[in-house]
Amino acid sequence: MLNGRLERVVADVAERPSSLTPQGPAAESLASLWWVMFWLAMAVFVAVMVLLALSIVRRRDLPLEADRFTGETLAGGSNWLMLGGGVILPTAVTLLLMVLMVTTGADLRALGNPSQPLVVEVTGYKFWWDVRYPDAGVRTGNEIQIPAGRPVEFHVTSADVIHSFWVPQLGGKIDMTPGEVNTLRLQADEPGVYRGLCTEYCGIQHAHMHFIVVATPPDEFDAWLAERVDPPEEPTEALAQEGRELFERAQCVYCHTVDGVSPDVDLGPDLTHFASRRTIGAGMLPNEPDNLAEWILDPQAIKPGNRMPPTPLTDEEVQALIAYLETLE
Amino acid sequence: MSATQPQATSTDLERVWASPPTLQGWLGMVNHKAIGKRFLATGLVFFLLGGLFALLARLQLAYPQLEILDAQAYNEVFTMHGVTMAFLFIVPVLEGFAIFILPLMVGTRDLPYPRLTAFGYWVYLMAGVFLFASFLVEVPDGGWYAYVPFTGPDFSPGFGMDFWLLGVTFLEISAIAAGIEIIALLVKNRAPGMTISRMPLFGWAMLVTGFIILFAFPTLIVGSILLEIDRKVGTVFYNPEVGGSAILWQHMFWWFGHPDVYIWLLPGIGAVSMIISTFARTPLVGYTWVVATTIVIGVLSFGVWVHHMFTVGLPLLTISFFGGASLVFAVASGIQVFAWIATLWRGTIVWSTPMLFSIGAVVTFIIGGLSGVTLGVVPFNWLAHDTYYVVAHFHYVVIGGTVLPMFAAAYYWWPKLTGRMLDERLGKWNFWIAIVGLHLTFLPQHIVGFLGMPRRVYTFLPGLGWEPYNLASTVGVLISAVGVLLFVFAAIKSRWAPLAPPDPWGAGTLEWSTDSPVPNANFERLPIVHSRYPLWEQPSLEEGPEDWARRLDTLTQPGHRMREVVTTSEIDGDLQTIITLPQQSQWPWLTSLMITLALVGVLFDAYWLALAGVVATVVCALGWAWPGRDYDPIDER
C-alpha cells in the first residue's frame, strides 16, 4: 500500500533524477563530456580487445616450445608495440581528457558568472534539508524554488554529519560538510520539477533524504518569494483554529517553525508555508491529508529512524491539525 | 624443464626445518609455508563471510522497499562487507600468497624473520575475531571508510566504531609486519646469482607493495588513533564545532586508502604476469617496462589520494592536478596490458584454468581501468561520485586486478600449496560461472549510477527506473556465489586427487624445481640462478662459481642443527654470508594475545585491563627478544 503512494510521489511530483536527461547548462556539459569519454573508451576497449583476440588466435608458425629462448631477440618489435599501445595511445587520450577536464571544470564553477547571483542557502540535517533565501529572509524546507533560466548559487553546509547535495538533471554534486560552506552554481533552463538527493552516506535514512527543486518562470518566482516574506494569515475556520492550538500544545512547536507562531528552531523543517509544498518526509510521500495524518501519528512507520517521534492524537485532533497545516499557504 | 629433477631432501635437513607435531609445535610454528597457508585459509573464510554480506545487501536491493534487512541492519552489512573484503580478505590473502610462494620463487628456505611472520598471522586472526566480535555487541555502521563526524563520539556513541578503529588499527600491524618481511626477503635472501633484474615479476610487484604498505598504513593507524582518542578521551581533532576538521580524516584515510588500492592491485597483476608467461610458454615481453611501470605506480599511488575527494569543495586548480595525476595511471596500465598482449602474441598458448582466470582478469581490469579514467576527469567525477557508477568501477578494478588473479593464483600454485591439483574441469565451470555472474552484477550498476542512484542506500523509491538494473545485479551476485562455491567444492575435492609432479605446468621459475608438496626445507640444495626463467633456460641449478657451490653444498648438511639460509647482495645477488634463522616460538601468539587483551580493555573502558595488557605485551616482547638458542638441543648428534 505504501509502495503505491511512493510510486506516485516519484511519478507525479518530479522528473526522474537522471544525469542523462540534463535540464540545465551544467548538466548538459557533463552529459556531453560523458558521451565524448564513452566513445573514446569504447574505441580503446574495442581496439585492445581485437588485439588481445588476435594475439590469442593468430596462427602459430613455431612449434610449442621453439621460441621460448628468443625473448631478447624479439624485444625490438615488442618495444614498439609497447611504446605505441602502452605509452603514446594512452598519453594522447589522457592529454585530450586533461584539456576537457580543465575547461569543463572552469566553466561549471563559473557557470553564467552573474555579478549578483541569486543565493540559496541549503543546510543538510539528518534526514532533511533546510532552505533559506538570505536576501529575502525567507525560509523553507525540502523544496527549493528557483527561477528558470537564471544561475542560482547554492551555499551548502551541514548541521550534523556530512551530506552531499545533488540534482542530477541540473549538474554535479557538492559535499555539505559541517564547519565549511561550499558553493555550487546550477541553472534550470526550463520550468520543471526536479528531484535531488543526498549522496553522502549520512545514517539510517540516507536512502530517503531527497528534495524537490521547482523551477518557475522568473516573474512567478519573484511573486512566490515576495509572498513568503510575510507570515501566514491566522486561521479563520474553527477547526483550523483548534489545530493551531494543538500545534502548540502537542509540542510540534519545539521542532518546527511557523513564522509568527513558534520561534526559529531547526530540529525539524520549517513549516511556515507548508501547505504549498509537494511532498512530506523529504520527498517521500505526496503532501495529501491522508498521508499527512499517517505521518503525524507514526512517522517511524514510514521512515524508520528519522528524528520525528510519533504524536499520540485522536482522529479529531489529527483532522484539526491537518486543517491548520492546510492553511499555511 | 631440464632442471626439474625431484629432490629428495635429506632427513636431517628436514628435521631441522620441521615443526613438532604437538600443540606447542602447532602454536609456535614459524615456517613460511604453514603460515602462508593459514593466511590463505583464514582469508578464504573471511571472503565467504564478506560474500555473504554482499549477498544479503543485494537481496535487500533486488526490488524497491523490500524488508529483508531493516535500514540499520543494511548499513551494518554494507559496512562489514567493505571491512571484511578490504581489510580481512584481500590484503591478508595477498600476503598469504606472498609469504607462501616468494621464498620458493627466489630460492630460499624461509622468510628472514620467521617469528614476525607468525606474529603477523596471529595478529590478523585475532584482529579478525575482534572485528567480528562486534556482532555480539554492536556492529559498526560507518562504512569501511569511516568518515567523521559520522563516526565521531557525537553521532556514533556506541561501541561499533570502537570495534572498527581498534580492530583495523591492530590489523594494520599484521600488514606492516608482512611488508617489512617481504622487502627484506626480496632484497637480501634471493638465490645466489638472482640479480635484481632476474627477480620474477611477482617478486617485483610484492617488493613495491611492501614499500607502499610501509608508507601508507602508518597514516591510517595514526588517523584511527586520533579518532579513537576523540571518542574515548574527548579530544576534538575531527570536531569542526570547536576548531577540528572533518576533512582531516578524509585526507588521512585516503593517503592510506588510495595506495591501498595498489597494494591490492600490484600483486594481482604480478601473479597474472607469471601465469601468462607460463602458459604462453615464453618469457614475459617487456620485463623492464613492467618493472619500471610497477615502481612508477608505487610512487604515483601516493599522489592521487585527493581524487576520492573531488566533491568536498577543494579549489579547482588543486583537484585538477590530482585529476591529471590520476589520468597518468592510464599510461602505466597501458604498458602493463600491452606487455601481456605482446607476450600472448609471441607465445604459444596452453589453455588451463589459471590462464582462463588471468585472461578474464585482464579483460575485467581493462573495463575497470577505462571507467577509472573517466572518474579521474574532475567535472565528470562531480556527476558520478558516490553513485553506483563508482561502485561498478571499483568492483571491476578490484575483481579484475585482484580477485580473479587470486583465483588464477590459487589454481596455479595449488600443487605447491597442497601437493595436489585442483580439478581442471570444475575450474573451467568455476571461471565461466563467476565471470558471467560478476559482469551481470556490475555492468548494470554503471547505468543505474547515471540514473541517479547513490551508494549506500538501504532501499529506493519505486518508479525511479532503477528496478531492472538492481534486479540484474542481484541475480548476478547469486550466479557469482555459485562460482565461488564451486571453488570451495574443488578445493575440498582436491584432497583426493593424486599427487602432482614438481612442475605440472611446465613453468620456468624456481618454485617449480622442488617437490609438490614442498618439503620443510624447500630445497635440498639452494639453487644458483643465471637467468629469469632458470627452469627453462638453465641446464642445472647447481652449477656456479666454485666458492658458491661449495658453500651451498655445506648447507645441505645441517651439522649445526640450525636453520641456515644465505644472504646475497642487494643488486647483483652475489652470495654473501650464511645466516641462522630462529626456530619456532610461543612468543608471537602470546604477544598478539596480550595486545588483544589491551584492546578489549580500551574498548570497554576497562583501563586496568588495558594497562595489564600493555604490561603483558612488553613482558612477551622481552621474552621474544631474550637471547636464546637458535638450534634444537634435543637432537644432539
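Two strands are said to pair if DSSP finds at least two bridges between them. In chain A, strand β6 (residues 163-166) and strand β9 (residues 192-198) pair in the antiparallel sense over two bridges. The model is predicted, so local features need pLDDT of at least 70 and side-chain atom pairs count only at pLDDT 80 or more, while totals for chains, interfaces and linings use all residues. Residues are numbered from 1 along each chain as its sequence is written, and chains are lettered from A and ligands numbered from 1 in the order in which they are written. Helices (H or I, at least four residues) and strands (E, at least two) are DSSP runs, numbered from the N terminus.

**The sheet of chain A**

- Five strands of chain A form an open sheet with mixed pairing, in the order β4-β10-β9-β6-β7.
- The edges are held by β4 (143-147) and β7 (173-176) of chain A, each of which has a single partner strand, so one side of each is left without a neighbour in the sheet.
- On average, neighbouring strands of this sheet are turned by 25 degrees against each other, direction ignored. Axes are lines fitted to C-alpha atoms, for helices over the stretch in contact, and angles run from 0 to 180 degrees between N-to-C directions.

**Contact between the chains**

- In chain A, 81 residues are in contact (C-beta atoms, placed from the backbone, within 7 Å) with 73 residues of chain B.
- The elements of chain A that give two or more residues to the side touching chain B are α1 (2-13), α2 (25-57), α3 (75-110) and β7. Of these, α3(A) gives the most, with 21 residues.
- The side of chain A that touches chain B divides into 46 nonpolar, 22 polar and 13 charged residues. Ala, Val, Leu, Ile, Met, Phe, Trp, Tyr, Cys and Pro count as nonpolar, Asp, Glu, Lys and Arg as charged, and the others, Gly among them, as polar.

**Helix pairs in chain B**

- Helix α7 (residues 201-232) and helix α9 (residues 287-300) of chain B pack at an angle of about 15 degrees, with their axes 9 Å apart. This makes α7(B) roughly parallel to α9(B), a term for angles under 35 degrees, whereas those over 145 count as roughly antiparallel, 65 to 115 as roughly perpendicular and the rest as oblique.
- Residues of α7(B) in this contact include B:Trp204 and B:Phe211, and those of α9(B) include B:Tyr287 and B:Ile295. By class, the contact has 10 nonpolar, two polar and no charged residues.
- Helix α11 (residues 353-376) and helix α14 (residues 424-450) of chain B pack at an angle of about 10 degrees, their axes 9 Å apart. This makes α11(B) roughly parallel to α14(B).
- B:Leu356 and B:Phe357 are among the residues of α11(B) that meet α14(B), where B:Phe431 and B:Ile435 are among the partners. By class, the contact of α11(B) with α14(B) has four nonpolar, five polar and two charged residues.

**Domains of chain B**

- An automatic or database domain assignment, the source of the bounds, gives chain B domain 1 (11-496) and domain 2 (587-635).
- The contact between them takes 16 residues from domain 1 of chain B and 14 residues from domain 2 of chain B.

Terms used: Two residues are in contact if their C-beta atoms, placed from the backbone, lie within 7 Å.
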